[in-house]
Amino acid sequence: MPTSVAAVAAPIAYGVEDIYFSVVHVSVSTGAIKGQGEHMKVVVIGATGTIGKAVVDALAKRGHEVLSASRKSAVRVDIEDTVTVSALFDGTKNVDAVVCCAGGAGWGPLGNLTDDDFALSLRYKLMGQVNVIRVAMGKVNAGGSITVTSGVLATQPMPGSAAVSLVNAGLEGFVRAAGLEMTRGVRVNVVSPPWVKETLRSMKMDESKGLAASDVAKAYVAAVEGQSNGKVLEAARFV
Ligand SMILES: NC(=O)c1ccc[n+]([C@@H]2O[C@H](COP(=O)([O-])OP(=O)(O)OC[C@H]3O[C@@H](n4cnc5c(N)ncnc54)[C@H](OP(=O)(O)O)[C@@H]3O)[C@@H](O)[C@H]2O)c1
């Protein structure tokens, strides 16, 4: 195990500059932990989605080997079914990083949200991604990383977002805590995207306040290549 694992796992001050400073520092001082500029094997779950496609493109352009996973992709996984998540890692060795851009939750006026809406939200976006972390933390290579996805509605709710805000905020709390218990230099972070331009466009809404998926992807690249751990990475800060 690399000598600097403990240092790598220690939380650092949040900020893009901190992350990139740390990357340079670690790779110069040890050469053992993969970081910026080094080839990694990355599994992207939700790879065919609006954000996932952009993350796959961004990681591939940076020279990483990317395995695209989803319910219908070549590498199959359903994050609602932990057995398939375990099978994914049993069948795919030497993974340096896992990124999950899959997840959804109920939407609508609070008074209209049903038990099923809440059950789906908890099972899919929250526990689906929590279970990806629980499985992957013991399977990724030492010094590897896991990155999941919350969203701006965790902290900036709007009418109709109660279930989404619940699971986004829950996931962020989980990641902050889980980061304290990672071993072998493994890191876990959550990217919080704002509304994505392409999504707003498809909903026939004003896209001017959204961020392009290709810009959102920059936060995922920083999570994979950087040294942050237990952090919420607001995608808008990485553009
Ligand atoms: N788009 C936005 O504006 C926005 C803003 C903030 C946060 N987010 C969050 O970002 C994440 C991705 O959003 P998106 O808009 O890119 O989603 P999307 O376009 O609907 O894509 C979803 C992706 O996840 C896969 N998927 C769906 N269910 C799955 C499951 N049970 N197991 C594994 N893979 C599954 C889909 O492929 P298959 O159908 O093949 O499984 C697809 O690749 C979500 O958590 C969303 O809440 C999005």
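The structure is a predicted model, in which local features need pLDDT of at least 70 and side-chain atom pairs count only at pLDDT 80 or more, while totals for chains, interfaces and linings use all residues. Residues are numbered from 1 along each chain as its sequence is written.

**Overall make-up**

The protein chain has 8 helices and 7 strands (DSSP runs numbered from the N terminus: H or I of at least four residues for helices, E of at least two for strands). Of its 239 residues, 46% are buried (20 or more other C-beta atoms within 10 Å of the residue's own, with C-beta atoms placed from the backbone). Among contacts between residues at least 6 apart in sequence, 69% join residues at least 24 apart; two residues are in contact if their C-beta atoms, placed from the backbone, lie within 7 Å.

**Two helix pairs**

The table gives the packing of each pair. Axes are lines fitted to C-alpha atoms, over the stretch in contact for helices, and angles run from 0 to 180 degrees between N-to-C directions.

| Helix pair | Angle | Axis separation |
|---|---|---|
| α3 (residues 50-61) and α8 (residues 213-225) | about 60° | 8 Å |
| α5 (residues 115-136) and α6 (residues 162-178) | about 20° | 10 Å |

With its angle of about 60°, α3 is therefore oblique to α8, whereas α5 and α6 are roughly parallel to each other (under 35 degrees is roughly parallel, over 145 roughly antiparallel, 65 to 115 roughly perpendicular, and the rest oblique). α3 passes α8 in a right-handed crossing, meaning that the near helix is turned clockwise from the far one by less than a right angle. Residues making this contact include Ile 51, Ala 54 and Val 55 of α3 and Val 216, Ala 217 and Tyr 220 of α8. By class, the contact of α3 with α8 comprises 11 nonpolar, 2 polar and 1 charged residues (Ala, Val, Leu, Ile, Met, Phe, Trp, Tyr, Cys and Pro are nonpolar; Asp, Glu, Lys and Arg charged; the others, Gly among them, polar).

The crossing of α5 past α6 is right-handed. Among the residues that meet there are Phe 118, Leu 122 and Leu 126 in α5 and Leu 166, Val 167 and Phe 174 in α6. The contact of α5 with α6 holds 11 nonpolar, 3 polar and 2 charged residues.

**Around the ligand**

The ligand is surrounded by 28 residues, the closest being Gly 46, Gly 49, Arg 71, Gly 103 and Gly 151 (a residue is near if its C-beta atom, placed from the backbone, lies within 6 Å). This shell divides into 11 nonpolar, 12 polar and 5 charged residues. Helix α3 gives the most to the shell, with 3 residues.

How values were computed: A residue is buried if 20 or more other C-beta atoms lie within 10 Å of its own, exposed if 12 or fewer, and partly exposed in between; C-beta atoms are placed from the backbone.
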